[in-house]
Amino acid sequence: MADAHKTALDDRLSALSMPEGGGWLGRARKDALARLGAVGLPVRRDEYWRYTDPRALTRVEAPEGADVDAGDPFDGLDAVTITVTDGVGGDLPSLPEGLEVQRLAEAGAPDIHWAKDLYGALEAAGSRPVLRPLATLNSAFATDGLVIRATGPVGTPVRIVMAGRGDAILHHVVKVEAGASLTLIETGTPGARANTAIEVDVAEGGVLHHLRVDGGDDRHLNAHLFARLGAEATLRSFAMARNGTLTRNESTVEFTGDDAAATLAGAVVGEGRVHHDDTVFVTHGALRCESRQVYKKVLRSGATGVFQGKILVKEGAQKTDGYQISQSLLLDDDAVFLAKPELEIYADDVACSHGSTTGAIDETALFYLRSRGVPEARAVAMLVLSFLAEAVEEVDDAGLQERLLEHLEGWLAA
Amino acid sequence: MLKIENLHVKLEEEDKRILKGVDLEVEAGKVHAIMGPNGSGKSTLSYVLSGRDGYEVTDGSATLGGEDILDMEPEERAAAGLFLAFQYPVEIPGVGNMTFLRTAVNAQRKARGQDELSAGEFLKVVREKAKTLKIDADMLKRPVNVGFSGGEKKRNEILQMAMLEPKMCILDETDSGLDVDAMKLVADGVNALRDEGRGFLVITHYQRLLDHIAPDVVHIMADGRIVKTGGPDLALEVEKNGYGDILSEVA
């Protein structure tokens with residue numbers, strides 16, 4: 001390990017203390033700390049941090065951040081809502097049939113728990129071959145989190161609302177049992193800094209819908225998703241963000257069972273001092289699985305967008321269908337989009353494609369709208385919304401789609 | 001209604017003159033046609049009047065109802081009552097045709113100080129007008145012009161015209177890419193809008209559109225100028241003898 005990684009880790013550890021508690025959770029934390037000690041924290045010259053400076057995420061003191069009420073598109077939605085303030089979960093509401101939710105500390109106390117096999121384990125699996133030390137740090141030092149299990153079709157979405165301005169480290173574990181289904185919604189990222197991780201295990205034929213909306217401008221967020229999909233399982237994950245000083249979304253998906261499908265999508269609106277990085281790694285290790293990545297960004301006035309997306313098809317993962325598109329719309333000359341699409345394929349009967357585009361608004365379409373009397377700003381907003389809508393359409397629920405589009409419209413009108 | 005005087009236009013990016021002194025006046029209630037060979041400047045005239053980027057007016061003027069339009073933004077020209085039916089209507093993925101129409105109608109109403117139409121009022125009007133143009137509910141719901149046939153795109157242009165009720169309509173090669181039935185449908189739509197208060201400028205290569213939309217005045221344009229003006233007979237002459245005779249006559 002290079003000295004810079006070690007130095008960064010030593011500095012950070014000086015200000016962290018591992019939450020108390022023994023049991024399996026304590027052992028998982030110690031294991032993560034040992035793994036972290038071997039790799040240190042990321043620095044700018046690391047391959048996967050070339051486009052994004054990790055210092056605001058790794059430094060001891062959290063950056064300043066205001067508590068912005070950015071609105072929540074899911075207000076009024078019939079949901080199981082749990083509020084997490086400054087990284088500590090609140091009271092748990094009553095739960096519908098087929099749904100179990102526990103606080104992390106509570107789940108970690110007994111000797112036997114289903115989450116024992118997942119906590120830190122999916123993170124460790126997803127940290128190979130690309131290191132994700134901030135996720136490993138999360139496994140070691142998470143201040144709280146939710147442990148959620150769906151044992152049947154759960155009709156009511158689970159909604160996690162984050163609040164406060166603290167330096168939150170949250171770690172959720174989600175298990176969707178065979179044939180079960182669940183919708184998980186995250187909103188309200190804290191102002192200052194947050195490191196979140198969700199480990200997701202979807203068993204045979206299970207379905208997980210995951211949505212995240214980040215609205216606060218001052219956010220410094222490193223969000224991680226680690227998903228493992230069994231046979232015929234489905235994952236649909238969609239993240240929507242407005243501004244944010246620094247956002248790094250890392251999503252890793254591994255197909256371990258045949259005939260599963262995963263969609264990862266994102267829509268970003270960035271204006272001003274904004275850096276938004278979507279880093280995706282999809283591993284096809286089974287037959288006939290289908291993965292889609294659809295990422296769209298609209299950037300202006302100094303905003304930077306990054307997309308690093310990889311599809312790895314392992315030997316024997318025949319009939320894989322992998323698709324990836326990352327597109328950005330730059331509304332002026334001060335915006336930047338950096339894209340690194342990667343395909344690595346070791347099977348010979350697969351269909352994989354990727355594409356990336358960067359462009360300005362379509363002048364012909366803009367003129368067409370204006371020639372019909374639509375004022376320029378409104379016409380631009382319409383074209384921007386239509387561009388982002390293609391990512392929102394990956395959300396497989398008309399009602400939720402409508403809420404998201406309405407919220408996006410509000411962001412664009414602001 | 002529309003008055004163009006000594007209009008000179010060059011391309012913004014290069015030193016190429018396209019319009020070299022166009023004089024033209026379209027009165028309210030009249031249909032004027034402009035015919036002319038390729039490259040004569042017909043489409044440029046329509047773009048310059050509607051405010052498309054890429055052109056520079058070096059001399060002359062264009063007014064609509066006495067108001068100078070050349071300094072206006074495209075949306076201001078639209079609100080002032082100018083409408084261009086595009087030769088190539090633009091596809092806009094992700095924007096529903098109905099949303100587009102309603103936004104346009106209400107933006108113009110707002111610009112003119114009128115109340116916006118409610119969703120219900122709008123729907124009633126649009127359904128009625130769409131029906132006469134044989135535009136079905138599916139076409140109204142789909143993204144603007146996406147997946148439309150050539151004929152559907154042109155009918156959609158006429159629907160927009162009918163909804164926006166402009167004072168001055170410019171039709172740029174509206175007949176291109178249309179079969180006879182589609183052309184008749186489009187022409188019927190245009191004819192339904194003819195009235196005393198509205199002027200039309202129909203730009204076309206061929207006489208055949210003018211069989212369906214009978215012009216009051218026909219102009220021949222060549223090399224950036226109107227070189228000859230006459231009655232409907234002039235269009236028939238072009239159809240019979242081509243542009244050669246007329247161009248050599250005025251040369």
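# Close-up views of a predicted two-chain model

A search of the whole structure, which is a predicted model, turns up 39 salt bridges over all chains. The legends below take you through several close-ups, starting with one of these pairs.

**View 1. A salt bridge within chain A joins A:Arg149 and A:Glu177.** The closest N and O atoms of A:Arg149 and A:Glu177 are 2.8 Å apart. A:Arg149 sits in strand β4 (residues 146–150) of chain A, while A:Glu177 belongs to the loop between β6 (167–176) and β7 (181–187) of chain A, so this pair ties together parts that are 28 residues apart in sequence.

**View 2. Chain A meets chain B.** On one side, 17 residues of chain A take part in the contact, and on the other, 28 residues of chain B. Together the two chains bury about 1,900 Å² between them, with 67% of that area on carbon and sulfur atoms. Look out for A:Phe367, A:Tyr368 and A:Arg372: this trio supplies 43% of the area that chain A buries against chain B, more than any other three residues.

**View 3. Salt bridges link chain A to chain B.** The count between the two chains is 3 salt bridges.

**View 4. Helices α2 and α6 of chain A cross.** The axes of helix α2 (residues 23–39) and helix α6 (residues 133–141) of chain A come within 7 Å and cross at roughly 150°. That angle makes α2(A) roughly antiparallel to α6(A). The crossing of this pair is left-handed. From α2(A), the contact is made by A:Arg29, A:Ala32, A:Leu33, A:Arg35, A:Leu36 and A:Val39. From α6(A), the partners are A:Pro133, A:Thr136, A:Leu137, A:Ser139, A:Ala140 and A:Phe141. Sorted by class, the residues of this contact are 8 nonpolar, 2 polar and 2 charged.

**View 5. Helices α8 and α9 of chain A pass each other in a right-handed crossing.** Helix α8 (residues 376–392) and helix α9 (residues 398–413) of chain A have axes that come within 10 Å and cross at roughly 145°. On the α8(A) side you will find A:Ala381, A:Val384, A:Leu385, A:Leu388, A:Ala389 and A:Val392. They meet A:Gln401, A:Leu404, A:Leu405, A:Leu408, A:Glu409 and A:Leu412 of α9(A). This contact of α8(A) with α9(A) has 10 nonpolar, 1 polar and 1 charged residues.

**View 6. Helices α6 and α7 of chain B are roughly parallel to each other.** The axes of helix α6 (residues 150–164) and helix α7 (residues 180–193) of chain B come within 9 Å and cross at roughly 10°. B:Lys154, B:Arg155, B:Ile158, B:Met161 and B:Ala162 of α6(B) make the contact with B:Leu185, B:Val186, B:Gly189, B:Val190 and B:Leu193 of α7(B). The residues in this contact divide into 7 nonpolar, 1 polar and 2 charged.

**View 7. Two backbone details of chain A are a cis peptide bond at A:Pro129 and a positive phi at A:Arg288.** As background, most residues other than glycine have a negative phi, and most peptide bonds are trans. The peptide bond from A:Arg128 to A:Pro129 is cis, with omega near 0°. You will find A:Pro129 in the loop between α5 (121–126) and α6 of chain A. A:Arg288, a residue other than glycine, has a phi near 55°. Its place is the loop between β14 (275–284) and β15 (290–300) of chain A.

Definitions and conventions: Residues numbered from 1 in each chain as written. Chains lettered and ligands numbered in written order. Predicted model: local features only at pLDDT ≥ 70, side-chain atom pairs only at ≥ 80, totals over all residues. Heavy atoms only, no water. Axes fitted to C-alpha atoms, helices over the stretch in contact; angles between N-to-C directions. Helix = DSSP H or I, 4+ residues; strand = E, 2+ residues; numbered from the N terminus. Parallel < 35°, antiparallel > 145°, perpendicular 65-115°, else oblique. Left-handed = near helix turned anticlockwise from the far one by under 90°. Contact = heavy atoms within 4.5 Å. Nonpolar A, V, L, I, M, F, W, Y, C, P; charged D, E, K, R; others polar. Buried area = accessible area lost by both parts, 1.4 Å probe. Salt bridge = Lys/Arg side-chain N within 4 Å of Asp/Glu carboxyl O.
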